[in-house]
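Student: I am new to this structure and would like to go through it slowly, with some questions along the way. Could you show it to me before we start?

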Amino acid sequence: MPGGTGRPATEDEDEGVDEELLTIGAFATRARLSAKALRLYDRLGLLIPAHVDAFSGYRYYRGSQIERARLVALLRELDMPLAKVAEVVDAVEVDGAVAADRLAAYWAGVETRVAGQRTLAEYLRGRLSGRSSEMYGKFEVHTADVPEQVVITETRHTLVDELPTWIGASLTRLLAAAGECGGVTASPFVVYHAEVSMESDGPAEVCVPVADEAAARAWAEERGRPWETKVRVEPARRLAFTRITKAQVAHPQILAAFGAVEQWITEQGLEQAASCREVYFADWEASGPQDPVCDVAFPVR
């Protein structure tokens with residue numbers, strides 16, 4: 001052992017082998033952690049012992065590691081995943097400001113998630129207490145007839161937390177491709193062929209209407225394969241829809257809009273004729289939180 005003349009009789013003795021190294025028991029006491037937690041942190045690479053005895057397997061730590069051990073424990077108190085903990089504590093060794101930024105980014109995500117869960121809880125309370133009509137009354141539902149359209153599409157199985165990123169990337173690709181397919185003829189839309197949630201992965205289909213079917217099929221054959229781009233003809237539809245703002249598009253806020261349209265369809269004695277969809281008619285990046293950007297729609301008959 002470096003700097004030592006022997007090794008302790010038990011792993012949990014409170015005496016270190018020398019002035020620099022502490023047994024796991026002594027270190028756990030000073031760091032206010034359990035030996036079990038320290039073994040876990042070692043296994044995950046979050047807090048590596050300064051020395052492990054080759055014969056006994058006993059772990060030894062330096063006093064200078066106490067601050068890192070306490071930081072790991074405090075970050076875990078925030079329910080931070082271990083992978084994120086590693087990112088923060090590793091950054092501390094290089095630049096405390098970077099570590100603080102990583103913590104801030106994680107916590108901003110937590111607050112966003114909690115805000116969404118709070119909205120969902122309020123929505124569910126309304127449904128359970130029979131106040132659905134009151135909530136849905138905030139949405140005006142209209143109908144519109146949409147002609148047959150040629151669309152280039154990408155389809156993906158995705159969970160709800162990955163959905164916005166994928167929709168944005170897919171729309172960017174398809175809108176760029178539309179220039180080689182005669183140009184965009186109508187607002188892009190996303191079709192949900194099955195539920196997309198934290199546990200259900202759809203699939204969802206991003207669609208961009210284009211002018212030239214032959215050119216679209218040629219483009220998809222030649223260059224669309226990396227993203228499994230397809231071309232199809234979307235039949236003429238009558239849509240029942242409600243218009244929502246950019247802020248309302250976020251999940252789970254958007255669930256109330258879907259519920260409002262579904263209830264209106266039932267009240268009007270209509271039937272859903274195909275999968276629900278979101279029609280994006282505005283410039284997303286240029287729109288503010290209260291600007292209308294999307295129609296939540298159901299094909300009806």
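**A strand and its salt bridges**

Tutor: From strand S6 (residues 189–192), Phe-189 and Val-191 point one way while Val-190 and Tyr-192 point the other way, and all of them are buried. Buried means under 20% relative accessible area, exposed means over 50%, and partly exposed lies in between, with a 1.4 Å probe and protein chains only. Strands (E, at least two residues) and helices (H or I, at least four) are DSSP runs, numbered from the N terminus. This is a predicted model, in which local features need pLDDT of at least 70 and side-chain atom pairs count only at pLDDT 80 or more, while totals for chains, interfaces and linings use all residues. Residues are numbered from 1 along each chain as its sequence is written, and side-chain values use heavy atoms, with hydrogens and water left out.

Student: Which residue in S7 is the bridge partner of Val-190?

Tutor: Two strands pair if DSSP finds at least two bridges between them, and S6 pairs with strand S7 (residues 204–210) in the antiparallel sense over four bridges. Within S7, the partner of Val-190 is Val-206.

Student: And which residue in S10 does Val-191 stand opposite?

Tutor: S6 also pairs in the antiparallel sense with strand S10 (residues 277–280), here over three bridges. In S10, the residue opposite Val-191 is Arg-277.

Student: How many salt bridges does the count come to?

Tutor: A salt bridge is a side-chain nitrogen of Lys or Arg within 4 Å of a carboxyl oxygen of Asp or Glu. One of them joins the side chains of Glu-180 and Arg-223, at 2.6 Å from N to O. By this rule, the number of salt bridges is 13.

Student: Is Glu-205, which meets Arg-232 in a salt bridge, buried or exposed?

Tutor: The side chains of Glu-205 and Arg-232 meet at 2.9 Å, N to O. Arg-232 is partly exposed at 25% relative accessibility, whereas Glu-205, because its relative accessible area is 5%, counts as buried.
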